[in-house]
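Hi,

Here is the structure I promised to pass on. My notes follow below it.

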Amino acid sequence: MTVQRPAERTHIHPGLTQIIAAQEDIFVRRQPRSRRLAADAGRHLAGGVTSSWQITAPQPVWLSHGRGSRVWDVDGNEYVDLHGGYGAALAGHAHPAVLRAVQGQATRGTHFAQPTPDAVAVAEELARRFGLPQWRFANSGTEATMDAVHLMRSITGRDLIIKVEGCYHGHHDSVQVSVAPGAGEAGPEDKPYSAASSTGIPRAMTDLTLIASFNDTGGVARLLGEHKNQVAGMIIEPVMMNAGIIKPEPGYLAELKALLHQHGALLTFDEVKTGLTVGPGGVTKDENVQPDLITLAKSLGGGIAVAAIGGTHAVMGHVASGGYEMVGTFNGNPLAMAATRAMLTEVATPEAYERIGKLRERAETGILRQIQQHGLRAHVVTAGAKGCVVFSPEPVCNYRGFLGVDDRFSHAHWLYQHNRGVFLPPWGKIEQWLISVQHEEADIDRLVENFAAFARAATNA
Ligand SMILES: Cc1ncc(COP(=O)(O)O)c(C=O)c1O
């Protein structure tokens, strides 16, 4: 994992608003069918989409199909897909190994609610990669982190948890707290408030989630001291990936673990996003810090919905003994297990990671060259297959730094890429690109060329 130094500040085009308006106009004109579908869909699909984050400006993009590193929208426009289904398409699209596994299992039955041998093979491989010996499965990242939080509470008999400001762990009550608080509701930086991130969550739940800043062990020590013997554990994205990409400072994760254990509390690494994408064994392996629990989802199933929860013998023994009932009709679904097995054994291979590493370097150096050439106030952060441009000259080390980044640049950049055939994830500065095992050098060159066009426009060079 590498962080590029920011370029020096120079001239910024004053007409960013006009650039956005012009690009949104092109965007809409290229996609008349998407526009009609978006308008009609609202009759029976709430908000005209299947998840609220699909409502993006200037209009949702309706897709027709995907193959390899590409996707096509319903208007027939082709894109290099670096959106990757919000980080779930490390395999790319219609990967032959995933297809074989899914087709093979589909002909033998898609659901039993009884274990199948693939589940053992998957658990064994996850244990080897992530160093935690015991595993269970679920269907989404939200379910996995919900089980992790329940488990920390169940084992310790304590109600409070600590969460990091700006981390996202899915949409259950305990973690929908201070995900993206505005400056007015976030409180002081050294003592962030617990701000509800969604309606429909009782204050009584929000109050059970204490908030600390990323890269601040002092804040966690303070919370543990103020709430002695009441904190069940802490959940954290060990590399923040719902605020661009923010990396842990050296020693931070190890210190957190020591602090929590000193106070009888547990540590969960939410690797739903980072899991297989930063490397074969996630941040856990890269940083050589083993938490008590790990949650995985997104890219794990090669595009099929699946999640995993891994734990130490001490933690998962509590599940095995019935101390906590970890349940779900579709847990360990045979289709998902077959796809995951293929993903782990045939897709996310050492050779694939090596290839992705070269493409990452190509993207990083190419974009950085453009940033420097045009004097753009920006820098590049990458972690394995993931990367993003942060439109700030300063490195960002926590959510407060991220809050200060002007989102208009990310949106303008996203539009520029989209209108020129590269599909980055929407939601501007929050998200990252994902390079899949099926991307080629030409795909990355297109990303860099489009970035150059954007840099020229944004700096009026
Ligand atoms: C780090 C992290 N954890 C959990 C989740 C929730 O996953 P899901 O959307 O599969 O419920 C997400 C989703 O973006 C995530 O980024």
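How many residues does helix H14 have, and how far does it reach from its first C-alpha to its last? H14 (residues 350-374) has 25 residues and spans 36 Å, close to the 36 Å expected (1.5 Å times one less than the number of residues). Helices here are DSSP runs of H or I with at least four residues, strands are E runs of at least two, and both are numbered from the N terminus.

Residues are numbered from 1 along each chain as its sequence is written, and side-chain values use heavy atoms, without hydrogens and water.

On confidence: pLDDT (the predictor's confidence in each residue, from 0 to 100) averages 95 over the chain, and 97% of the residues score at least 70. Over residues 1-11, though, the pLDDT is below 50. Where pLDDT is low, the predicted coordinates should not be read in detail.

There is also an open sheet of 4 strands, in the order S2-S3-S4-S14 with mixed pairing (strands pair if DSSP finds at least two bridges between them). Its edge strands are S2 (63-67) and S14 (422-423), each pairing on one side only. S3 (residues 70-73) and S4 (residues 78-81) run antiparallel over 3 bridges, and Arg70 stands opposite Val80 in S4.

Cheers

Definitions and conventions. Predicted model: local features only at pLDDT ≥ 70, side-chain atom pairs only at ≥ 80, totals over all residues. Contact = heavy atoms within 4.5 Å.
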